[in-house]
Amino acid sequence: EEISKNARSTANRKLSALKGVFSWAYKNDILEKNELEKVEKLPEIDSDDKSRYLKEEEVKRLQVVLYERERERGEKDHLKPIVLLSLNAGVRRKVVMQLEWDDIDFNSNMLRIRKGSSKTSDLDYVPLNDVAIQALKDWQAHTKRTAGLVFPSPKLPGKPMHDCDASFQRVLRQAGIEGFRWHDLRHSFASHLIQDGERIETVSALLCHGSVQTTQRYAHLQPNATSVAVERLNKLYEKKDDSE
């Protein structure tokens with residue numbers, strides 16, 4: 001029943017929490033047996049995954065609307081760097097909202113993911129491409145801040161921005177993009193890399209996935225990878241003239 005209501009990753013997190021409670025109760029002689037000790041986690045590959053990714057023309061339309069939004073406002077806008085960072089670094093929304101300027105190394109073009117923001121480890125580092133770096137530099141020049149939160153709440157001083165769903169949805173409508181959620185920005189990042197021929201293992205590392213198995217959901221986007229691999233064996237065999 002829990003699986004039908006949640007993504008498998010969510011069910012696994014709840015299972016881990018429940019197993020922790022049972023383990024504690026067993027060690028403290030509250031339970032005679034830990035019934036959950038041998039229960040294994042579900043493979044985090046959802047057959048009914050409804051995620052989608054932006055096609056190339058959609059990315060271009062989204063960019064146009066984001067730049068037009070800034071032009072109309074007459075100043076730099078927080079939404080553009082947030083969306084471009086999400087699309088080009090594949091980081092989760094929580095990571096973006098809690099990001100501090102100290103987490104960004106403009107010399108090495110790296111972004112640090114702090115403890116509590118990553119699901120898999122205490123600390124992760126992900127590389128930033130030129131698009132993400134430029135968006136962050138433009139935003140920093142506009143805010144004139146070099147410390148503290150990159151995207152602070154406009155209403156709660158010292159607190160991170162909670163979300164920007166309303167403005168994001170307006171931009172999507174203006175760009176003619178339908179059926180798209182915030183988390184699909186991360187899916188778009190992974191999907192574009194896979195379609196461009198990047199290895200599953202590399203994409204898994206960039207997404208900070210705990211297992212390559214989780215990243216396998218994108219494997220179907222590179223259907224010719226196996227065909228290309230076996231074609232390389234052709235060079236081992238001499239071509240025979242059919243007329244012989």
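Hi everyone, let's start with the lining of the second largest cavity: Ser86, Val91, Arg92, Arg93, Trp182, His183, Leu185 and Arg186. A cavity here is a set of points, on a 1 Å grid over the protein atoms alone, where a 1.4 Å probe fits but cannot get out, and lining residues have an atom within 4 Å of a point. This is a predicted model, where local features need pLDDT of at least 70 and side-chain atom pairs 80 or more, while totals for chains, interfaces and linings use all residues. Residues are numbered from 1 along each chain as its sequence is written, and side-chain values use heavy atoms, without hydrogens and water.

By class, that lining has three nonpolar, two polar and three charged residues (Ala, Val, Leu, Ile, Met, Phe, Trp, Tyr, Cys and Pro are nonpolar; Asp, Glu, Lys and Arg charged; the others, Gly among them, polar).

Now, the helices. Which residues of helix 8 does helix 4 meet? Val83, Ser86, Leu87, Asn88 and Ala89 in helix 4 touch Leu185, Ser188 and Phe189 in helix 8, contact being heavy atoms within 4.5 Å. Five of these contact residues are nonpolar, three are polar and none is charged.

Three strands form an open sheet in the order 1-2-3, paired antiparallel; strands are DSSP E runs of at least two residues, and helices H or I runs of at least four, numbered from the N terminus. Strand 1 (104–105) and strand 3 (124–127) are at the edges with a single partner strand each, so one side of each has no neighbour in the sheet. Two bridges join strand 1 to strand 2 (residues 110–113), pairing requiring at least two DSSP bridges. Asp105 sits opposite Met110 in strand 2. Thanks, everyone!

Notes:
1 Å grid on protein atoms, 1.4 Å probe; cavity = no way out; pocket = protein on both sides within 12 Å on 5 of 7 lines; lining within 4 Å.
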